[in-house]
Amino acid sequence: MAFIQTSIAEHIGTITLAYQSKRNALSEALITEVSEALRAFQAQSVRAAILRAEPGAKVWSAGHSVDELPKGGHDPLGWQDPLRMLIRDIEAFSAPVIAMVEGGVWGGACELVFACDMIIATPNATFAATPAKLGVPYNASGLLTFLNATTPHIAKELLFTGQPMSAARLERQGIINHLVEAEQIEAFSRDMARGIALNSPLAISVMKEQLRILSAAQPLSPNDFERIQGLRRVVYSSRDYSEGIRAFTEKRKPVYLGE
Ligand code: YXS
């Protein structure tokens with residue numbers, strides 16, 4: 001792995017973001033490695049996972065890789081966007097994922113941390129949501145992640161001001177589970193993961209999925225809406241679509257290749 005480190009011990013899987021030269025920016029390449037690690041954990045029946053940066057990191061993650069955002073005219077956070085796929089992978093992972101946070105969390109990395117099942121952070125960790133700063137139209141299911149993990153007023157302050165919010169402030173709001181000093185945070189996180197791993201993995205995985213479904217239970221869930229949009233985009237950008245239009249205007253039978 002070039003961008004992360006992984007380990008499994010005592011049924012606990014650990015993913016360490018290790019791309020400090022780019023401040024753990026969530027590039028497609030890094031996200032691919034995290035998703036592969038989650039699949040490997042699933043295959044080895046991991047019962048709890050910890051997602052962290054390297055010890056003492058000043059930046060947990062700088063958020064979506066800005067140079068991978070479309071320059072304009074295209075949805076920057078559509079269904080197929082790697083960050084969107086990673087959020088879904090975290091939510092679908094059968095065991096609890098604990099975000100262990102030191103340093104600054106930026107942009108889409110805030111949503112990544114909020115999509116985890118629990119958050120343990122050092123007091124000097126900060127969270128800065130940046131769509132408003134970059135003029136990015138955040139996507140509906142991403143906003144639902146913010147809403148489900150925080151409160152409407154805190155989500156709005158994070159999203160509208162774009163200013164870093166302290167872990168201590170978020171812990172007071174019950175959004176961060178525990179504030180732990182840097183020297184103890186690794187042992188504290190492992191102890192919590194160990195306790196989870198002693199419980200029934202089946203009961204926990206079912207409750208995690210039930211809570212995911214219930215928390216997304218909207219008249220039309222933002223995920224479903226975006227999936228529809230994503231499927232539509234696949235069709236109207238396809239060869240078959242333009243072939244169908246051309247055959248119609250040329251009054252001949254279309255030849256469809258399914259691509
Ligand atoms: O110049 P080199 O090659 O050394 O690379 C620099 C930065 O370009 C790179 N880097 C990034 N590359 C891609 N995407 C990023 N988000 C990103 N952030 C940083 O990392 C190298 C070191 O950066 P540098 O010198 O700025 O480090 P620093 O320690 O002085 O400052 C760390 C940060 C995180 C405060 C600073 O890098 C920063 O402000 N980064 C951008 C944070 C941000 O605005 N993230 C939002 C990305 S957009 C997103 O997540 C969503 C789409 S949304 O906005 O909607 O939430």
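Which residue's side chain meets that of Asp191 in a salt bridge? In this predicted model, in which local features need pLDDT of at least 70, side-chain atom pairs count only at pLDDT 80 or more, and totals for chains, interfaces and linings use all residues, the partner is Arg194, at 2.8 Å from N to O. Residues are numbered from 1 along each chain as its sequence is written, and side-chain values use heavy atoms, with hydrogens and water left out.

A salt bridge is counted where a side-chain nitrogen of Lys or Arg lies within 4 Å of a carboxyl oxygen of Asp or Glu; this rule gives ten salt bridges. Asp191 and Arg194 are three residues apart in helix H8 (residues 182-197), about one helical turn. Helices (H or I, at least four residues) and strands (E, at least two) are DSSP runs numbered from the N terminus. Asp117 forms a salt bridge with Lys208, with the closest N and O atoms 2.9 Å apart. This pair links distant parts of the chain, 91 residues apart: Asp117 lies in the loop between helix H3 (108-115) and S7, and Lys208 in helix H9 (residues 201-215). Lys208 is buried at 10% relative accessibility, whereas Asp117 is partly exposed at 33% (buried, under 20% relative accessible area; exposed, over 50%; partly exposed, in between; 1.4 Å probe, protein chains only).

Five of the five residues of strand S5 (residues 97-101) are buried, so the strand is largely enclosed by the rest of the structure. Val97, Ala99 and Val101 lie on one side, and Ile98 and Met100 on the other. Strand pairing requires at least two DSSP bridges. S5 pairs in the parallel sense over four bridges with strand S3 (residues 48-53), where Leu51 stands opposite Ala99. S5 also pairs in the parallel sense over four bridges with strand S7 (residues 118-121), and Met100 stands opposite Ile120 there.
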